[in-house]
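Welcome, and thanks for taking a look at this one. Here are a few notes to read alongside the structure.

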Amino acid sequence: MVSVKKNLMKCFLIKTKKMNKIKTIVNNPLFKIGMALAVACVLVFEKMPLYSGIAVGIAIREFLLAFKK
């Protein structure tokens, strides 16, 4: 019974470390900029320039906010 608890705790700690790493990456401003620009590229290829302009604006905003921190 004790070894089962140890294994569960070890598994929980590994998941927590992985989730913290993912959270750090996703909350990184460069990741947000990249995702916004990727969405803008997809929208340009789909012939939606207005929405792609909005996505580029969001990317610029995130770029400027990255310097604020």
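**Notes for a first look**

1. Let's start with the surface. The protein has an accessible surface of about 6200 Å², and 75% of that belongs to carbon and sulfur atoms. Of its 69 residues, 12% count as buried.

2. Please keep in mind that this is a predicted model. The average pLDDT of the protein is 85, with 86% of the residues scoring at least 70. Confidence is highest in helix 2 (residues 29–45), at a mean of 94, and lowest in helix 1 (residues 2–26), at 75. Where pLDDT is low, the predicted coordinates should not be read in detail.

3. You will find three helices and zero strands, and the order from the N terminus on is α-α-α.

4. Which residues meet in a salt bridge? The side chains of Arg61 and Glu62 do, at 3.1 Å from N to O.

5. Finally, a word on the surroundings of Glu62. This residue sits in helix 3 (residues 49–68). Setting aside neighbours within four places in sequence, Glu62 is in contact with Pro29, Lys32 and Ile33.

Methods
Residues are numbered from 1 along each chain as its sequence is written. This is a predicted model: local features need pLDDT of at least 70, side-chain atom pairs count only at pLDDT 80 or more; totals for chains, interfaces and linings use all residues. Side-chain values use heavy atoms; hydrogens and water are left out. A salt bridge is a side-chain nitrogen of Lys or Arg within 4 Å of a carboxyl oxygen of Asp or Glu. pLDDT is the predictor's confidence in each residue, from 0 to 100. Helices (H or I, at least four residues) and strands (E, at least two) are DSSP runs, numbered from the N terminus. Contact means heavy atoms within 4.5 Å. Buried means under 20% relative accessible area, exposed over 50%, partly exposed in between (1.4 Å probe, protein chains only). Accessible areas come from the Shrake-Rupley method with a 1.4 Å probe; for residues, only the protein chains shown count as cover.
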